[in-house]
Amino acid sequence: MTTLSRRHFLGAAAAASAGLYATLQTQPLQAQSPNRPPFPSELYKARITAVPTDEICEAWKKAGFEGMEVTKWDPTIEEARASRAIAEKHGISIHSVMRGWTNFNQPNNFNADVESVKTALRAAAAYGADAILLVPARISGMSMPEPWNFEIDFDPKTLQIKTVAEGDNAPYADYIAAHNIATDASIRAIESLIPTAAREGVRICIENVWNNLWSTPKFFAAFCKYFDNPWVGCYFDLGNHTRYARCEEWIKELGHSIVKLHIKGFNVTEVRGRLGGGPGDWARIDRASIDWVSVRKLLAEKRYNGWLTIEEGGATDEEYSAMLDKIIAM
């Protein structure tokens, strides 16, 4: 196993971050090589709001955004259709609905949460969206490895896990048991939701949000692909899981299962995991330690065509639009 010293990493990360920041701040889009072939993928810019308003849509359209994701997942069908009309009036597409957290692994919540996701699927269809974002479950309050130290041995047929780290796994027995329960419950729930998704024409896109489940690129990819169904895919956040592994590792494993993308910035301050993960903190997209050039190249290689939705604050609409323009054109 190759190791990287903290001093060496920080120097390299600082240089990379400084170079990327300078590129994002100063490089005009037309400076790309005229001989470079166009990317075989197209990315479209979006932001997140509760519901569209004339004011929001006008501002975002003026800044160069083409779409939005809404967080109001339980409107009436009439309310959702009215919101769609407002967005479309300004040339904005509502492409996704954020259903967000559910607790399928808690028996008392299972049925109600399944019904709530059906509500979100029906609302998405009325909004004109083609997907919902779903976080199926979460577990916490027990001993588990650091995010960058996960080494998960799982059965590819059942997705049940035996070990989650190298060495003695006795300290993680409760976590392993809870994880297997959450996986089984999530599978059961999502399989029960597929008929509704197909009927409404809306895809169920699974996201991981530091919920302590499927915490390696290979395992999360296996979970997303387990259903082998066109109505189930992945909503991947570029930056969200950088402390577990490099963004590139996640994209390589998830591949064509990626249906939607969020984007935010994160700085890994010291690489500790073999896949490039380590401790750190949030940072603005243009100040992150993420190699956006490599990320953009991989998205093209995987033929990702779709939305790139900002999920952070700290800059103006115009600034964020310009950041995405430059990442898209890299």
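Residues are classed here as buried when their relative accessible area is under 20%, exposed when it is over 50%, and partly exposed in between (1.4 Å probe, protein chains only). By this scale Glu270 is buried, at 18% relative accessibility. The structure is a predicted model, in which local features need pLDDT of at least 70 and side-chain atom pairs count only at pLDDT 80 or more, whereas totals for chains, interfaces and linings use all residues. Residues are numbered from 1 along each chain as its sequence is written, and side-chain values use heavy atoms, with hydrogens and water left out.

A salt bridge is taken as a side-chain nitrogen of Lys or Arg within 4 Å of a carboxyl oxygen of Asp or Glu, and the count by this rule is 14. Glu270 is paired in this way with Arg272, with 3.4 Å between the closest N and O atoms; Arg272 is partly exposed, at 47% relative accessibility. Lys260 is buried, with a relative accessible area of 2%, while Asp130 is partly exposed at 40%. Within helix α4 (residues 107–127), Glu115 and Lys118 are separated by about one helical turn because they are 3 residues apart. Their salt bridge has its closest N and O atoms 3.4 Å apart, and Glu115 is partly exposed at 41% relative accessibility.

Aromatic pairs were assigned to rings of Phe, Tyr and Trp (its six-membered ring) with centres within 6.5 Å, planes under 30 degrees apart counting as stacked, over 60 as edge-to-face and the rest as tilted. The count comes to 13 aromatic pairs. The pair of Trp210 and Trp282 is stacked, because the ring centres are 5.1 Å apart and the planes lie at 15°. Trp210, in the loop between β7 (203–206) and α6, and Trp282, in strand β11 (residues 280–283), are 72 residues apart and thus link distant parts of the chain. Trp210 is partly exposed, with a relative accessible area of 29%, as is Trp282, at 41%. Ring pairs also link Trp214, Phe223, Tyr226 and Phe227 into a cluster.

Charges over rings were identified where NZ of Lys or CZ of Arg is within 6 Å of the ring centre and within 35 degrees of the ring normal. Arg99 lies over the face of Trp73, at 4.2 Å from the ring centre, and Lys45 over the face of Phe65, at 5.8 Å.

The whole structure holds 3 cavities of 30 Å³ or more. The largest cavity has a volume of about 70 Å³, and its lining includes Trp148, Asn149, Tyr244 and Gly273. The second largest pocket holds about 170 Å³ of space. Helices α6 (217–226) and α7 (247–254) each supply at least two residues of its lining.

Methods:
1 Å grid on protein atoms, 1.4 Å probe; cavity = no way out; pocket = protein on both sides within 12 Å on 5 of 7 lines; lining within 4 Å. Points joined across faces, edges and corners; volume = space filled by probe spheres on them. Helix = DSSP H or I, 4+ residues; strand = E, 2+ residues; numbered from the N terminus.
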